[in-house]
Amino acid sequence: MDTKMIDTFFGTLKDMRGIAELDKHLLHALIRMQPDISESTQKFLCLCFSLWDDGNTRVPLDAGEFSKRWTRKWNGLLLLKETAGNAATSTDGIDDFEQIISTGVEDILHNCASKFTSIISTLETSEVSEGAISTPLILTRVAGELPYLYLDRLFRAKILIEKYAGTLFKDGSDKLPSEADIESIQKKIAGIATYKKGGQVHPLELNAEQAQAVIRGQRENLIITGGPGTGKTTVVLYILWSLLTQGDLKTPNDETCCCSIYLAAPSGKAADRMQESLQNGLKGIRDEFKYETGSGNTAEKKESRVYKKLKDLEGSTIHRLLKYSRSNNGFSFNAKEQFSEKSIFVIDEASMIDINLFASLLQAIPEGAKIFILGDPYQLPSVDAGAVLGEILKPKSKKDFTVRLTRSNRFTDDSVIGNLAKAIKACAEDKNATAPVHRFTPHPALDSTVAPDAPAKNSGTEVPAQSENLPKDAVFYYSLPAGTQTKKQETETLEKILHSWIGDFYKLPQMALEIDPENPDKDKCEAIWELSLKKRILSAERRGIYGVEQINKSAGKLIRDYGAKKFTDRYFPGELLMITQNQAMYKLYNGDTGIVVYKDSTPYIMLKKASENETGFVFYPLSWFPTEAIEPAFAITIHKSQGSEYDHVTMFLPKQEGHPLLNNQILYTGITRAKQSVTIIATPETFKAACETVIERDTGIEL
């Protein structure tokens, strides 16, 4: 098998970061199975693999449509090459794409039934059983639709989701709650739950959307969508409470109280956050519902059956829920070995679930079980293939199994941040919508007449608490210097911005030194943890001057030089860190963040794990973890920020229009991480491009 020519073509794409190394092995396997594939069609298959790598589950076998998608991707790759200054990467091995695409499409469409039978199965109906798939590639030719080419594993996942989602989610449009039903459940919830505001306790008031979800959740499976602060977790808490009790919301329902309840999310961080949110919600339950009445002379309070069941729930990753087995390379729970029908599932951050994991999850859940899927379809889609949540929210069957929460408890109707998020969502919903216009001014830190916020090193002066001085509910639009800068000038620009940003983070080293990991003071732990969550820098990029790697390097040096200069090891007290690889032995997961503290000369990482002990914090020597499993986290990528919240967010957008990471979902996700203020560092042009460029993955799911 001679693959020299195609390997050269593949190598050029790989050097451009346009295709994954694994694809080379898959391509070689196809050529071995079908040795007579022409060189031009081999190249076309390379382009297909490249588009599949972007998260599409299928590619159109229409030359015009395929060319539009490929041209957009190729222009982005060229831009990345230019901005990275990677002149060593040559594109000489790349031929005329239009010719490759037109020839490849025609070859596959005209010869699929004769020439490509070893590698391509052709299906002419949208209804197909999994057993009908017997080749690595699937070509669908359904009347009235474009022909599409799928990888077999992605096609299998698609039909599994269609099958099991169609079974689990019914049409609830004929039994929507009445106004009287909504008012009734609102009064009942207000009677069992409270919330604190302004130092006073108030009855919990569900809005009409939330109340409708609670009512529908008692009788049907639901997908509940909404942005941050819309109360998705609150709704689920009272759905669960209602399911576990009788009509008075107090007397346990013996049948449902015997059900197993599972909380799961695609990442450990998201699972922990859901568990924490539910536990925080339970704190508002009134004592007469939280505890059983004591008997005799006993004054002790015994937790009620329902309250205890919900309080003891623990979050899990979906992989752990399904019990992944390395030896079998599969899940213990599956279509043949499903969970019990007496099960209730709550699945959070559904936008992050890829098509294969979604299929594995749904097929393990029997028809009689309850399932509630939560997510925000406007956030970034999964890292791997598919945009499943967005697809199943648009069923062709017009079935209604979704409650959309639109009213934010975090932002008022006139909120600056809230209205910006709405404007960005509007661009995602309507291709004709235009970005809001804002004036970008030079970042104030670049004004030489303005003194930096940070004190002189070792001056002993009080560090200004910059975060506390920022306005509440504010958006700042700042730009970088116009024109081309040298690398040295860009580095100096970044350092000036970081000097103004760090503010009270200069306190982190001293606060960390006051914590003894072997005998921690809870108040001191809470204080530094609260400070660490005040702000974060988010960037779309990992590399480059304004990527998270360089920002962390520069921010870490500034803070270390001020308060921890004597620590010359890799870590310094007060440094913010992120776990980047699951450490299941310690119940730590990709995305968990912590703070470095010391015991003598030994660095530890401190993390908040509310259910682990009395202090709510855990400490592990950093020597226990691989160095590649931990990275600094003063700045994190916008992808990594999903599921997190900070008071103040500073966000760097890519500087060039057409950059692959300059898109609507990146911008929306970054902005909605903020609770009090957002600083966007961009230009009017790049901000507009981000608003109006929507990632559109082709998943092909039809319900």
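The protein is divided into domain 1 (3–152), domain 2 (169–405) and domain 3 (474–692), with bounds taken from an automatic or database domain assignment. This is a predicted model, where local features need pLDDT of at least 70, side-chain atom pairs count only at pLDDT 80 or more, and totals for chains, interfaces and linings use all residues. Residues are numbered from 1 along each chain as its sequence is written, and side-chain values use heavy atoms, without hydrogens and water.

**Domain 2 and domain 3**

- Their C-alpha centres lie 31 Å apart.
- In contact (heavy atoms within 4.5 Å) are 17 residues of domain 2 and 22 residues of domain 3.
- The area buried between these domains is about 1700 Å²; buried area is the accessible area (1.4 Å probe) that two parts lose on being put together, summed over both.
- Carbon and sulfur atoms give 49% of that area.
- On the domain 2 side, Lys269, Arg273 and Leu380 lose the most area to domain 3, together 40% of what that side buries.
- Two salt bridges cross this interface, each a side-chain nitrogen of Lys or Arg within 4 Å of a carboxyl oxygen of Asp or Glu.

**A salt bridge**

- Lysine 609 and aspartate 272 pair through their side chains, at 2.5 Å from N to O.

**Cavities**

- Three cavities of 30 Å³ or more are found; on a 1 Å grid over the protein atoms alone, a cavity is a set of points where a 1.4 Å probe fits but cannot get out.

Conventions: On a 1 Å grid over the protein atoms alone, a cavity is a set of points where a 1.4 Å probe fits but cannot get out, and a pocket is an open set with protein on both sides within 12 Å along at least five of seven lines; lining residues have an atom within 4 Å of a point. Grid points are joined across faces, edges and corners, and a volume is the space filled by probe spheres set on the points.
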